[in-house]
Amino acid sequence: MRTALITGSGRREGLGFETARQLGAQGFHVILSARRLEQVKPLAAELTGQGIAASTVQLDLLDPASAAAAKSQVETQFGKLEVLVNNAAMLVGPADVADKDMDELLLEFQTNVVGTWSVTQQFLPLLVTSGHGRIVNVSSGAGSFWDPDHGLVNFPGFTMARFGDMPIPSYALTKAALNGLTIKMAKELERDNILVNSVCPGMTATHPGPEGFARPVADSAKGIVWAATLPDGGPTGLFFRDGKQLPW
């Protein structure tokens with residue numbers, strides 16, 4: 001059975017869990033991960049109740065020892081990994097250059113960029129072993145200079161060129177860096193038949209309550225699943241939303 005690990009999948013309303021559900025429906029054994037196991041255990045049980053093969057692993061992006069232990073657990077249980085979805089991220093509201101807290105800034109980059117790199121580094125041997133690994137870095141149109149529509153009808157999007165008087169959040173800068181990391185990974189891992197792409201899920205209703213202009217999580221997760229299940233020879237090193245390439 002093909003295996004897929006999804007980071008940051010500890011919220012039922014979140015993209016990570018919905019991505020796991022959709023991959024599980026396609027026959028993957030999905031591995032839900034979060035900083036605390038109690039976050040993912042009931043969610044894995046829920047998927048199992050739906051006939052989906054699911055398990056859990058504790059994984060903290062900011063703790064290399066946690067990532068190493070998670071890799072060891074997956075290797076012992078499965079011996080390989082077909083898909084790694086780097087979904088976990090930290091989002092902090094916008095702040096002016098003059099006012100931004102530097103410790104907060106470092107934490108954002110450590111989580112969204114360095115943590116993603118660290119986790120990928122740990123699981124890379126298992127992806128290579130699979131013979132056709134797929135890495136999906138969940139990014140954002142906010143990290144692009146120009147995004148035509150941000151995936152929404154009649155909504156201009158939160159791109160760097162369109163923030164107007166509102167300060168560009170450092171979250172957007174981390175996602176721009178993540179897109180650059182995607183290119184680096186894709187070029188270096190192509191020799192191992194590993195495809196690496198960034199995906200913007202669009203503005204998504206990941207919290208309970210009215211969706212407003214955000215779209216349902218199930219719709220946004222489809223693009224992540226698409227990138228996770230690309231055939232051999234598919235695109236790599238690119239930025240997508242809903243299977244369509246985005247400029248950034």
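1. In the largest nonpolar core of this predicted model, which has 27 residues, the members that touch the most others are Leu23, Val30, Leu32, Leu47 and Val85. A nonpolar core is here a set of buried Ala, Val, Leu, Ile, Met, Phe, Trp, Tyr and Cys residues joined through side-chain atoms within 4.5 Å, where buried means under 20% relative accessible area, exposed over 50% and partly exposed in between, with a 1.4 Å probe and protein chains only. Two or more residues come from each of β1 (3-6), α1 (15-25), β2 (29-34), α2 (37-49), β4 (83-86), β5 and α6 (217-228), and α6 gives the most, with 6 residues. Helices (H or I, at least four residues) and strands (E, at least two) are DSSP runs, numbered from the N terminus.

2. Apart from this core lies another, of 23 residues, which includes Val74, Val119, Ile135 and Leu181.

3. On the basis used here, residues are numbered from 1 along each chain as its sequence is written, and side-chain values use heavy atoms, with hydrogens and water left out. Local features need pLDDT of at least 70 and side-chain atom pairs count only at pLDDT 80 or more, whereas totals for chains, interfaces and linings use all residues.

4. Beyond its neighbours within four places in sequence, Val30 is in contact (heavy atoms within 4.5 Å) with Ala4, Ile6, Ala20, Leu23, Gly24, Leu47, Ile52, Ala53, Ala54 and Ser55.

5. Strands β2 and β3 pair in the parallel sense over 5 bridges, pairing being assigned if DSSP finds at least two bridges between two strands, and the bridge partner of Ile31 in β3 is Ser55. Together with α2 these strands make a right-handed β-α-β unit; the term right-handed applies if, with the strands pointing away from the viewer, the path from the first strand over the helix to the second runs clockwise. Strand β3 (residues 54-58) is mostly covered, with 4 of its 5 residues buried.

6. Helix α1 is largely enclosed by the rest of the structure, because 9 of its 11 residues are buried, namely Leu15, Gly16, Phe17, Glu18, Thr19, Ala20, Gln22, Leu23 and Gly24. The cover over these buried residues includes β1, β2, α2, β4 and α6. Just after α1, Gly27 takes a positive phi of about 100 degrees.

7. Met166 sits in the loop between β5 (134-138) and α5 (170-189), and it counts as partly exposed because its relative accessibility is 41%. The C-alpha atom of Met166 is separated by 7.6 Å from that of Pro94, which is 72 residues away along the chain.
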